[in-house]
Every structure is written in structure tokens, then in C-alpha cells.
Amino acid sequence: MKKLSPRLAFVNQSECVACGSCMDVCPRGAVSVWRGSFAVVDEGLCVGCGQCAKECPASVIEIRPRLSRTAAEEKIA
Amino acid sequence: MSKHWYHYLWIWSVIYFALGFFNILFAWLGMISFCLPLVIAIFGGSKAFCNRYCDRGQLLRALGSQAGLSRRRDIPVWMRSKFFRYGFLIFFLAMFAQMLYATYLVYAGVTTLGEFVTLFWSVRVPWEWAYPVKVAPWAAQFAFGLYSLMLTSAILGIITMLFFKPRSWCVYCPMGTMTQLICRAKSPDTYPEQKI
């Protein structure tokens, strides 16, 4: 099984302005803008390098540990 | 980061403002920046213009990221709030409508052509040298108005680029806000939230 990075980018989609800066800087092509609405991260490709978070003009991208679901998020999932 | 041809589109911004400095009628070309994102959003349902082909975005990227002129601070929370973004969009549209009204007044002969550029919707800057070829006064009035709008927004973008992230302008860009609203309206089925 493919080993995944311990961290990955998380986009706050409700506050994303869909400018595409993250998509532009991602070295893995893991970020795309979904239907002009917000950025989405391909969790299988993202290595959590943080380039997107550094560039995001709205500062709505966070680099989080991959396995950091809270109990509440787990319940929703 | 790999370099693409559209990363050089900032050259269009430079050409646009340079042309308008010598002949204001070239300001009409600014309508491309108004119409193209809307056409792409309405018919294509995407923000491809913002994402790749916006000359303003590429200019701010080149100055802020490549030339390193940006201090890269986080934009204040109020500036990325929906209240400010939608408020700025309404204000911008109102100023655009006012510019159209000024054009109409010149067309109707109520007022005469004002050969100046208005910065920040209030400061009149003499620009009469840029009108060497006389055309219908309303067409020239529209050109002065549009150039004012383009120059003002470019200066705003450059100021926020210097203090905040390079493409901070994209957060409150009226065209970006408008095209995102169109795209969201065209995509009623929501993408599943990212889960970590």
C-alpha cells in the first residue's frame, strides 16, 4: 500500500475565494479549483509541503496532521 | 514551480497602462478584463480566468512572489469576510454605473468631456495629453472612466500585495467575487467537504 505523508493541506471551503493561487504553486498538482467555487485537495497526492498555505491570499489553507479527526468530525464522517 | 505561458500575462497589464498613458482610447481594451471572466463563468462554469489568465493576478504574483516585494502577512479577517467582499462588489458596481451615467451625460450633451483620470473615485489627475485623436466625446469619456477604474484597482491591488500575500487583491476583487457567485449558483450539488 502507498505510504501517505503524515500531514496534508486542509482548505476551509466556505471561505475560499477560488483564486487558484494554491493550484498554481502546488508542486504535485494536488490542488484544483472545483467548478470555480473553492479549492479541493487530492488527499492521495498531497504531501503537506505547505506551499499552498503559504501562498493562499485569504489564508484559508491549513496544514494538518493526516489523522487528526476530532470525535465530532468522526461522527459526521 | 513549473513556468507556464500564462505566467507572462502580467505583460498585458503593463502594455495596457502604457497605452492608456499615451492614448486614452486604448482604455477600451479593459472591457476584455470585464467580459472574459463573466463569459467563462457563465458559459464554462469555472474561474479559469482568475485561476490562470488574469493579467492582474499574474502581475501581483510576479511582483509579490517572484520579485519578493510582498511582506506576506495574513490579510485581516474583515477584509476576507463575505460582508466586505460583497460590499466592495456592490460599491464597485455602483461606481461602474456612475461611470456609465457620466458617459451618458456627455453623450446627451448635458456635460462636456472631462479629460482627466479620477483616482480612488475622488482625486482628479490631469490626463489631457493622452487624447491626441478626437473621437465622439462619449467614447472618450468612457475611456477616461474605465482607465480610472482600472488604475485605481491596480493601485489598490499593489498596495495590498506589498503588505499582505501577493494576490491579496484576488480576495476582494469584484470580478472574482462575481464570478465565484455565478459558479456557485451553477453548481448546486456540493462537493463533499474534505475530511482529514
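Is Phe120(B) buried, exposed or partly exposed, and what is the relative accessible area that places it there? Select Phe120(B) in this predicted model: the residue is partly exposed, with a relative accessible area of 33%, where buried means under 20%, exposed over 50% and partly exposed in between (1.4 Å probe, protein chains only). Phe120(B) lies in the loop between β1 (116-119) and β2 (123-126) of chain B, strands being DSSP runs of E of at least two residues and helices runs of H or I of at least four, numbered from the N terminus. Its backbone has a positive phi of about 50°, although Phe120(B) is not a glycine.

Residues are numbered from 1 along each chain as its sequence is written, and chains are lettered from A in the order in which they are written. Local features need pLDDT of at least 70, and side-chain atom pairs count only at pLDDT 80 or more, whereas totals for chains and interfaces use all residues, and side-chain values use heavy atoms, without hydrogens and water.

Next, select the interface, where 34 residues of chain B are in contact (heavy atoms within 4.5 Å) with 40 residues of chain A. Three salt bridges are counted between the two chains, each a side-chain nitrogen of Lys or Arg within 4 Å of a carboxyl oxygen of Asp or Glu. For one of them, display Arg61(B) and Asp24(A), whose closest N and O atoms are 4.0 Å apart.

Finally, move to Arg35(A), in the loop between β2 (31-34) and β3 (38-41) of chain A, which has a positive phi of about 45° without being a glycine and is partly exposed at 37% relative accessibility.
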